[in-house]
Amino acid sequence: PVCGRVTPLGDSVCWSCSVNKIPFKSHRSVYFYRDKARGSVTRFKFRNKPHYAETMGQLMSVYAPGRSSVDCVTYVPMTKRAVKKRGYNQACLLAERIAEIIGVECEPVLEKTRETGVQSRLGFKKRQRNIKGAFAASGNVKGKNILLVDDDKVYDCKKLL
């Protein structure tokens with residue numbers, strides 16, 4: 001119900017969510033990050049395949065709440081240096097596609113305030129420490145229901161900002 005992990009009872013909260021403060025209402029991944037799915041995300045991010053956002057955004061939109069429960073869609077920002085190097089922010093492309101499908105605006109309401117280490121090689125606690133203080137709200141988000149899109153996840157941040 002929170003992080004999207006498969007649990008033995010199906011609808012129960014996993015151990016990690018029960019002991020850690022999770023800063024969102026729900027989180028969903030469209031696929032398990034392995035095999036061909038992992039390869040697709042890697043190509044999308046690192047092999048100049050921005051057109052993958054069309055299909056991946058379509059798949060991710062299945063888990064998005066309807067337009068009546070979301071004020072806007074936003075995305076995890078990258079530093080300007082990282083965007084310049086890659087040529088695009090893949091999370092932004094996905095958020096724009098999801099926003100188009102569910103019929104709400106995609107708004108850049110977050111900014112990355114400092115460089116962070118690579119998240120993919122870190123465990124849960126180290127990931128939290130790595131990004132602590134790395135993002136700030138850059139728009140008026142108070143009281144809004146926000147759908148936050150990362151490059152392979154959708155977070156429903158209902159009135160948490």
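**Salt bridges and helix packing**

Analyst: Start with a pair in this predicted model. Arg97 and Glu100 form a salt bridge, with their closest N and O atoms 3.5 Å apart. Both residues sit in helix H5, three residues apart, about one turn of the helix.

User: Which residues are linked with Arg97 in a network of salt bridges?

Analyst: Arg97 bridges Glu100. Arg97 also forms a salt bridge with Glu54, at 3.1 Å between the closest N and O atoms. That pair links distant parts of the chain, helix H3 and helix H5, 43 residues apart. The network partners of Arg97 are therefore Glu54 and Glu100.

User: Is Arg97 buried or exposed?

Analyst: Buried means under 20% relative accessible area. Arg97 has 13%. Arg97 is therefore buried.

User: How are H2 and H3 oriented to each other?

Analyst: Their axes come within 11 Å and cross at roughly 130°. Roughly perpendicular ends at 115 degrees, and roughly antiparallel applies over 145. H2 and H3 are therefore oblique.

User: Which residues of H3 make the contact with H2?

Analyst: H2 passes H3 in a left-handed crossing. H2 contributes Ser40, Val41, Arg43 and Phe44. From H3 come Tyr52, Ala53 and Met56.

Methods
Residues numbered from 1 in each chain as written. Predicted model: local features only at pLDDT ≥ 70, side-chain atom pairs only at ≥ 80, totals over all residues. Heavy atoms only, no water. Axes fitted to C-alpha atoms, helices over the stretch in contact; angles between N-to-C directions. Helix = DSSP H or I, 4+ residues; strand = E, 2+ residues; numbered from the N terminus. Parallel < 35°, antiparallel > 145°, perpendicular 65-115°, else oblique. Left-handed = near helix turned anticlockwise from the far one by under 90°. Contact = heavy atoms within 4.5 Å. Salt bridge = Lys/Arg side-chain N within 4 Å of Asp/Glu carboxyl O. Buried < 20%, exposed > 50% of the residue type's maximum accessible area, 1.4 Å probe, protein only.
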